[in-house]
Number of protein chains: 2
Amino acid sequence: MRPTVIDIAREAGVSLATVDRVLNARPGVRAVTIGAVNDAISKLGYVRDQAAANLARSRSYRMAIVLPDSDSQFVQTLAQALTDAAQQATATRTEARLLRFPPEDMHALATLLADLPDDTAGVALMAPETPVVRDAVRALRTRDIPVVAMVSDLPNTDRDHFVGIDSVAAGRAAGDLMGRFLGPGPSQVIVLGQSMLLRDSIDRRRGFDAVMQSGFPHVEVLQTLESHGSAATLAQVMAEILRSAPHARGIYLLGSGHRALSETLATLCPDRRFVVIGHELTPHTHAALKAGRLDAIVTQNPGHLARSALRVLRARADRAAFDEGQERLRIEIVMRENLPAGPFEP
Amino acid sequence: MRPTVIDIAREAGVSLATVDRVLNARPGVRAVTIGAVNDAISKLGYVRDQAAANLARSRSYRMAIVLPDSDSQFVQTLAQALTDAAQQATATRTEARLLRFPPEDMHALATLLADLPDDTAGVALMAPETPVVRDAVRALRTRDIPVVAMVSDLPNTDRDHFVGIDSVAAGRAAGDLMGRFLGPGPSQVIVLGQSMLLRDSIDRRRGFDAVMQSGFPHVEVLQTLESHGSAATLAQVMAEILRSAPHARGIYLLGSGHRALSETLATLCPDRRFVVIGHELTPHTHAALKAGRLDAIVTQNPGHLARSALRVLRARADRAAFDEGQERLRIEIVMRENLPAGPFEP
DNA sequence: CAAGAAATGAGGTACGCCCCTCAAAAATCG
DNA sequence: CGATTTTTGAGGGGCGTACCTCATTTCTTG
């Protein structure tokens with residue numbers, strides 16, 4: 001049997017009340033007595049039953065999950081995963097609200113974070129690291145509210161944890177795939193991005209370039225074309241590049257835009273075959289992989305990410321440690337043949 | 001405030017005892033009443049407080065984890081993951097013992113399973129599906145002990161759940177990789193297996209062949225060479241095949257034997273470059289991927305597998321449902337650039 | 001319609017811990 | 001040494017749920 005407070009009291013030769021005072025760091029106990037109780041605790045190997053403690057405290061954890069109010073399928077997918085995880089988490093008295101902010105408005109985000117109630121047990125945040133955000137996160141930490149960064153790290157704040165994958169490494173994995181799929185012989189790769197102001201895109205590109213340069217020097221990686229989220233712009237820049245780079249055999253998509261790309265390619269050059277590699281598993285990329293319009297994606301598991309974020313926040317709120325191995329997200333490669341069953345199927 | 005059983009009783013107009021009967025699926029309640037209670041539950045959005053429930057039950061779960069006593073690195077890795085997961089699980093009053101059986105001796109396994117105490121809350125088992133094993137598993141189910149199959153399914157027993165990946169699908173993923181890495185132009189693929197009596201190997205080969213045939217008809221997949229776990233045999237069959245199949249550019253390793261293969265290739269043909277694809281992430285394959293002696297592996301996450309097995313057993317013991325999405329293992333592709341950090345590093 | 005069976009209610013105890021109150025014991029101090 | 005302060009003990013109520021017993025009500029069925 002696991003030892004309980006009663007066993008400690010017996011072992012230490014004190015009353016339950018005293019054990020309780022020591023355990024909860026309440027005043028009015030002599031140092032000698034504290035020592036005796038602690039000795040008993042370590043001797044018996046007592047570990048406080050966190051569940052029972054929380055029950056007694058009738059403590060509940062109010063978490064805030066903060067996401068950009070973007071219509072990108074990746075964010076939508078993540079939001080869904082977080083909603084599911086939050087739903088599941090209610091079973092462990094964790095109540096997580098999903099809050100959204102206008103994607104471009106960091107001041108709105110800062111206000112949102114500043115307005116979080118003091119009883120917030122933790123914040124899971126997906127946001128780019130701008131000075132405004134940095135300050136807002138620091139303010140949270142000053143208020144003793146744990147913060148975990150999701151998807152995109154906030155290394156220069158003192159966030160408690162980052163749950164997600166390293167974008168540079170993800171870009172490297174994409175490069176590795178691209179290089180191997182293209183095979184030997186010279187070729188060119190077109191790189192498409194929404195906007196190169198996004199940190200993730202920059203990092204992915206960096207990793208991609210590094211691998212291509214060192215591992216596949218016979219492949220020329222062209223400059224990033226920015227579509228700014230517009231299908232028309234994409235069609236235009238693609239038309240240009242297809243003329244100027246007739247040897248292009250690969251396309252690397254840094255961010256979203258898979259659907260627009262598929263359509264553009266279908267009209268522009270229906271019978272030219274490209275190796276297309278992108279990021280994130282969404283309904284679009286899922287369908288594209290299945291149909292063979294996309295060869296591979298590099299991604300992270302949003303369900304895992306969501307559960308991990310909440311677990312880590314829970315652990316921080318309890319001031320407990322967490323399982324490093326379980327909380328480390330993997331860089332996943334998804335191709336047609338290892339498409340996970342379920343997520344976006346009818 | 002979160003609704004409690006008391007709220008449900010009030011809402012449904014029944015007593016606490018009845019709510020309890022419904023919640024815990026105890027007999028003696030009319031269907032109408034059950035319906036009323038369930039309506040109240042969904043109306044109030046009640047979610048059972050697991051922590052309180054477990055506390056009240058003060059039940060501890062004694063699980064048995066049964067693995068072959070094989071020296072294969074995959075089994076060793078899995079055993080380690082299971083040990084870690086069991087360690088973690090003590091926090092949720094789950095005590096899991098690791099039991100091993102001689103890999104070839106299914107009767108020993110049957111005896112082991114039959115000797116499990118009646119208070120066993122669940123068994124996680126990795127074993128091939130032979131008639132003896134099938135009967136032993138059925139006997140467990142008759143004793144009302146939940147069983148989850150790990151790694152290799154036991155479809156013809158009434159095991160409660162399978163945690164692992166579909167070997168046919170894993171073989172397909174390997175085939176997809178092989179075909180794409182080899183590129184266009186005719187080539188041949190050498191397939192190596194320990195023994196084609198192992199179900200996993202057969203299934204992988206089946207998936208591999210299917211993909212190669214339909215997706216990469218220009219690639220000829222040679223007959224499986226069996227090494228029977230002996231490095232000498234491997235060297236011999238490899239020497240033969242390298243003579244008879246000079247166009248072989250790919251090697252598919254169905255099971256273990258990565259180390260022996262590396263050594264054989266290094267001595268037999270140090271400057272011939274093959275596309276090598278295998279299964280499972282172990283210290284050997286990790287090192288081989290890193291060194292470029294191996295191009296990709298198809299695997300499952302052993303940590304996830306271990307935790308999933310225990311979680312599912314817990315859920316079964318509680319007669320609770322579990323999160324399908326969380327318990328579905330993914331077919332992972334690991335290459336040099338997405339090697340997970342940590343597991344086998346110094 | 002009565003007897004028997006089934007369904008329901010009432011109430012208690014327990015799980016491990018938190019938190020509060022009040023009295024008793026021990027230590028400290030002038 | 002007595003008075004004051006500090007430390008300790010004893011005990012109770014509660015958190016949300018499980019599980020048990022016994023009485024009472026309601027439904028079946030012959």
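**Exercise 1.** What percentage of the 346 residues in chain A is made up of buried residues?

*Solution.* Start with the ground rules: this is a predicted model, in which local features need pLDDT of at least 70, side-chain atom pairs count only at pLDDT 80 or more, and totals for chains, interfaces and linings use all residues. Residues are numbered from 1 along each chain as its sequence is written, while chains are lettered from A and ligands numbered from 1 in the order in which they are written.

Next, the test for burial: a residue is buried if 20 or more other C-beta atoms, placed from the backbone, lie within 10 Å of its own. By that test, buried residues make up 43% of chain A.

**Exercise 2.** Describe the build of chain A.

*Solution.* First, look at the elements: chain A has 14 helices and eleven strands. These are DSSP runs numbered from the N terminus, with at least four residues (H or I) for a helix and at least two (E) for a strand.

Then turn to the overall spread. The radius of gyration of chain A is 25 Å, well over the 20 Å that the globule rule gives for 346 residues, so chain A is more spread out than a compact globule. Here the radius is taken over C-alpha atoms, and the rule is 2.2 Å times the number of residues to the power 0.38. Along the principal axes, the C-alpha atoms fill a box of roughly 85 × 40 × 40 Å.

**Exercise 3.** Work out how chains A and B are related.

*Solution.* The superposition is by least squares on the C-alpha atoms of residues with pLDDT of at least 70 in both copies. Within chain B, B:Ala51 comes closest to the axis, its C-alpha at 1.6 Å.

Now inspect where they meet. 32 residues of chain B are in contact with 32 residues of chain A, contact meaning C-beta atoms, placed from the backbone, within 7 Å. Among the elements of chain B that give two or more residues to this side are helix H8 (167–182) and helix H13 (302–317).

**Exercise 4.** Which element gives the most to the surface near DNA strand D?

*Solution.* H4(B) gives the most, with five residues.

Terms used
A residue is buried if 20 or more other C-beta atoms lie within 10 Å of its own, exposed if 12 or fewer, and partly exposed in between; C-beta atoms are placed from the backbone. Two residues are in contact if their C-beta atoms, placed from the backbone, lie within 7 Å.
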